[in-house]
Amino acid sequence: MLINADRGNPLFDRNFNPYLTNTRTASRWMYEPLIMINPLDNAQTPWLATEWSLPDADTIQMTIRDGVEWSDGEPLTADDVAFTFEMLKEYPAIDIKGAWQHIESVEVDGDTVTFELLTDDVPALTIIGATYIVPEHIWADVDDPSTWRNEDPIGSGPFTLGNYNQQQYSMDKNEDYWQADSIEIEHLILPATNTQLDTVTRGYDWAYSFISDVEGTWGAASDENEFWFPPVGIIGLMPNNEVAPFDDVNVRRGIALALERGSIAESATEGYMEPAGQTGLILPNQEDQLDPSIPNQGMIEQDTDAALAEFEKAGYTLQGDQLVGPDGQQFSFALTTANGYSDWTRAAQEVQRQLGQIGIDVSLSLPQPAGYQQAISNGDFEVAIGGMGGGYAYQAFNSLLSSEFYVPVGEATQNNFERYQNPEADEILAELKATPDPDRQVELSQQLQNIVYDDLPVIGLYYGGSWGLFSDRKFTGWPSAEDPYMAPQNYDSAPLLIFTRLKLVKEDDQ
């Protein structure tokens with residue numbers, strides 16, 4: 001399989017430590033999680049853990065799979081799992097899933113690992129379950145796992161490292177893998193240089209990329225090329241709730257009503273993604289959680305008269321071709337997005353055009369991606385293009401709304417970039433975190449949907465896609481709209497499940 005999943009800068013750095021940000025992509029196909037989680041809908045598949053239970057809301061018990069071996073032949077045991085978590089506790093920089101924000105202690109009894117949690121914390125299951133497990137007999141001798149490059153990795157996954165150089169590396173099938181019978185790929189080849197032209201012309205079996213005119217490029221390159229772009233998040237406007245006038249919900253609602261989302265989605269994604277509603281849910285993935293009392297599934301239609309009425313409540317009136325505020329000045333603001341994010345830039349330009357039609361002067365600020373990330377983290381923006389939503393409702397709403405992430409402008413945060421505060425939302429989130437009852441979870445999710453719909457902490461525009469490009473020439477069984485068993489991404493843990501579902505096309509059928 002020729003796979004476009006890793007990029008050199010421009011050459012590869014030999015780093016297979018799965019906990020480091022600059023690790024090779026394939027390191028996370030050699031190390032496995034306890035639970036496989038589908039980002040599309042939070043569906044959970046047993047992986048290194050065969051089963052789990054929550055005896056109460058502050059305890060998780062997992063049974064570790066028997067018969068799994070590390071690629072050097074040593075057995076994988078519950079002790080490896082406990083060691084992994086204790087190592088992450090000692091070196092917080094590599095606790096990339098944030099497991100120890102939830103764990104009080106870890107104990108082993110036979111093949112059972114028990115996690116005592118800091119508090120009632122049902123969502124901790126997915127965070128602990130997604131953590132990569134490493135072998136104690138290798139990592140116990142590492143002086144500092146937060147800097148170790150792990151150049152000769154020993155993992156439990158379906159592939160081991162094959163040939164390696166700075167331009168390309170290969171992965172070979174692990175014949176002793178616990179699911180080896182389900183893996184029909186003998187070798188993976190990962191080149192370092194991948195332009196959009198390379199993606200179309202090199203004959204890749206799997207790539208992950210948004211390509212302009214995908215039918216006329218990727219699709220036209222081969223009759224066997226397919227693509228699937230499911231929604232995995234919501235792209236929207238993040239008004240800085242600490243900065244006037246965006247601290248006024250009437251202003252936020254006025255902006256929301258002034259926008260025609262179909263044109264924004266078309267401009268940003270060339271029509272591949274749909275306009276998004278204002279509930280914070282990804283539809284249809286999470287339709288079973290949607291509050292049916294919210295009008296039009298949360299979709300806010302453009303209504304210029306209603307928008308101007310909302311602005312008027314905040315003291316803004318249309319005078320000629322300008323929307324003028326209480327200070328007598330035209331309403332103007334800078335809209336921040338990352339330079340190089342072409343779909344976001346096109347969305348920002350369409351927002352600029354539409355708001356200009358009702359007299360708002362929008363300028364675009366386009367820092368480089370690192371500068372953009374720093375700006376939203378520190379609150380150094382008026383309105384920014386950003387996101388909300390995700391496959392797991394609690395995490396999505398918590399990241400968006402929780403006051404635990406609130407810091408004043410000038411201080412850095414990793415979530416709640418819009419700096420929203422609402423005691424009611426905090427109370428609902430606290431109950432949702434401690435509630436194991438699925439029906440009550442839906443009720444609480446619906447309460448949070450109404451807060452997002454009414455308060456507009458972030459203004460939803462369109463769905464962000466997962467850009468899966470596949471070829472059926474050699475392998476079939478890719479995830480699809482008809483069989484959405486996993487997001488089509490070829491990074492993190494998702495490929496581990498996809499690899500088990502792919503079937504080699506027999507020579508007679510080629």
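These legends go with close-up views of a predicted model.

**View 1. Helices α13 and α14 packed against each other.** Here we look at α13 (residues 423–433) and α14 (residues 438–455), whose axes come within 10 Å and cross at roughly 160 degrees. Angles over 145 degrees count as roughly antiparallel, and α13 and α14 are therefore roughly antiparallel to each other. Their crossing is left-handed. On the α13 side, the contact uses Glu 424, Ala 425, Ile 428, Leu 429, Glu 431 and Leu 432, while α14 brings Arg 440, Gln 441, Leu 444, Gln 447, Leu 448 and Ile 451. Sorted by class, that gives 7 nonpolar, 2 polar and 3 charged residues.

**View 2. The salt bridge between Arg 24 and Asp 6.** The N to O distance is 2.8 Å. Both residues sit in the loop between β1 (3–4) and α1 (27–30), 18 residues apart. Arg 24 is buried at 6% relative accessible area, and Asp 6 is buried too, at 4%.

**View 3. Arg 28 meets Asp 492.** This salt bridge spans 3.4 Å, N to O. Arg 28 belongs to helix α1 and Asp 492 to the loop between β23 (475–476) and α15 (494–501), putting the partners 464 residues apart. Arg 28 counts as buried at 14% relative accessibility, whereas Asp 492 is partly exposed at 27%.

**View 4. Arg 202 with Asp 198.** The side chains form a salt bridge at 4.0 Å, N to O. Arg 202 is partly exposed, with 38% relative accessible area, but Asp 198 is buried, with 16%.

**View 5. A salt-bridge network.** Asp 13, Arg 149 and Glu 151 are linked here. For the whole model, the count comes to 14 salt bridges.

Conventions
Residues numbered from 1 in each chain as written. Predicted model: local features only at pLDDT ≥ 70, side-chain atom pairs only at ≥ 80, totals over all residues. Heavy atoms only, no water. Axes fitted to C-alpha atoms, helices over the stretch in contact; angles between N-to-C directions. Helix = DSSP H or I, 4+ residues; strand = E, 2+ residues; numbered from the N terminus. Parallel < 35°, antiparallel > 145°, perpendicular 65-115°, else oblique. Left-handed = near helix turned anticlockwise from the far one by under 90°. Contact = heavy atoms within 4.5 Å. Nonpolar A, V, L, I, M, F, W, Y, C, P; charged D, E, K, R; others polar. Buried < 20%, exposed > 50% of the residue type's maximum accessible area, 1.4 Å probe, protein only.
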